[in-house]
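Please open the model in a viewer and keep the selection panel at hand. The stops below are meant to be followed in order.

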Amino acid sequence: MTATTAAVTDPSPPLHRDRRFRTFWAAETVSQFGDRVSELALPLIAVSLLTATPVQVSVLTALIWLPNLLGLFLGAWVDQRTHKRRLLIIADLVRAAVLLSLPVAYLFDAITLAQLYLVALLTGFGAVLFAMARQAFFVALVPRSAYVDANSKLSMSRSLSFIAGPAVGGGLVQALSAPVAIFVDAVSFLGSALLLRRIPVTEPPPPPRQASTLGLVREGLVMVLRHPVLRAALGCTSTVNFFTFIAGALLVLYASRDLDLSAGAIGVALGFGALGGLAGAGLAPRISRSIGLGRTAMIGAVLFPAPLALTALVTGPTWTKVAMLAAIELVSSIGVMLMDVNLNALLTAVTPDEARGRRAGAYSAVNYGIRPIGALVGGALGTTIGLRPTLAIAGLGGMLAVLWLVASPVRHIRTLDDQTA
């Protein structure tokens, strides 16, 4: 971007006064809170009701993320659709219907591991469809100058959900059982769909198709792998996702069996620790303005995985274990927000409007597609060498992610305008 262009760029509008963005923000917030309940309840169903092994729990986590491999094709397909909002609503309704099957099966004492796997797979598919359409819908609502601010606000909601969601989820699981708690997440998706339906937005038709679907898929892959900023961000987030999902697939199992914590105690630890995410989301724009977008993302890429290695050292009476887990989650949550808020804004800024779906599809296929691999590796390592050594490996290995940013132009980027220059 030239100095002249930058000078005439419109200032960021007050997003908190933008009714359309507020409604979108509310939809995301409602859905995020429901997700936190399911993220605790699904593995607890496997562990407590179905006595799942570490490998079976890791397979459950892997199936949630496996549909991201379809992002390559879904992204290209979404780019050719005009009505992105309609796709968002469909994705919400599909996930609501699938999740409702669990409390219904529970009432008839008919829950099986196979059903749990199918629910994980189908909700994962809905999440991928939502993510592909969300990219284009986001830029229809938010001006470029407000990308970091908007991402910060959305991330703050996500962080708030991590604070209250696990605590509420743990309480619901203890009071009503895990399958009934899943009902809350299903209702949250219905609420999100209703809110999205109320957002008036003009969605421009896609440009005339210049290539086949496979051609568009190839374009998305080439864009992500050749663009220096996209390539570095993908390498960083994929590496950190691989290692953190080694830990993530086993954390509830580890806390429940090795640490002997109740569902409520686990929820309290994760919820309190998520206060760091709220702080990180609020601090990310300020730190970015102070030391630069790239450096802030680099700090986050280290601060996110490093504390997970300390999970292996948790011991002592119940209150000590809860406090240690909460402290680890607190620091890690700050790190993930410093990384995500800034990298997400950068990814949005460098992607052409006509290619947002296929860029998101290619990026997600690798970035999220590696998560089930990490989860499966975590299950295998947890079975062979034990849960504590596996958690230590996950935290230390995740720190390697920052090397992608260090060796790229990202470390020199201070603002979104710098990436264009």
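**Stop one: helix H17**

Select helix H17, in which Leu 387, Thr 390, Leu 391, Ala 394, Gly 395, Gly 397 and Gly 398 are buried. Buried denotes under 20% relative accessible area, with a 1.4 Å probe and protein chains only; helices are DSSP runs of H or I of at least four residues, numbered from the N terminus. The model is predicted, so local features need pLDDT of at least 70 and side-chain atom pairs pLDDT 80 or more, whereas totals for chains, interfaces and linings use all residues. Residues are numbered from 1 along each chain as its sequence is written, and side-chain values use heavy atoms, without hydrogens and water.

Next, display helix H10 (228-258), helix H13 (293-303) and helix H16 (370-384), which are among the elements covering the buried residues of H17.

**Stop two: the nonpolar cores**

A nonpolar core is a set of buried Ala, Val, Leu, Ile, Met, Phe, Trp, Tyr and Cys residues joined through side-chain atoms within 4.5 Å. The largest has 70 residues; those touching the most other members are Phe 24, Phe 137, Val 142, Leu 196, Leu 346, Leu 405 and Leu 416. Helix H14 (residues 318-350) supplies the largest share of this core, eleven residues. A second, separate core of 48 residues includes Phe 189, Phe 242, Val 252 and Ala 394.

**Stop three: confidence**

Finally, colour by pLDDT, the predictor's confidence in each residue from 0 to 100. The protein has a mean of 81. Confidence is lowest in helix H1 (residues 3-8), at a mean of 34, and highest in helix H18 (residues 402-406), at 94.

Conventions. Buried means under 20% relative accessible area, exposed over 50%, partly exposed in between (1.4 Å probe, protein chains only). Helices (H or I, at least four residues) and strands (E, at least two) are DSSP runs, numbered from the N terminus. Contact means heavy atoms within 4.5 Å.
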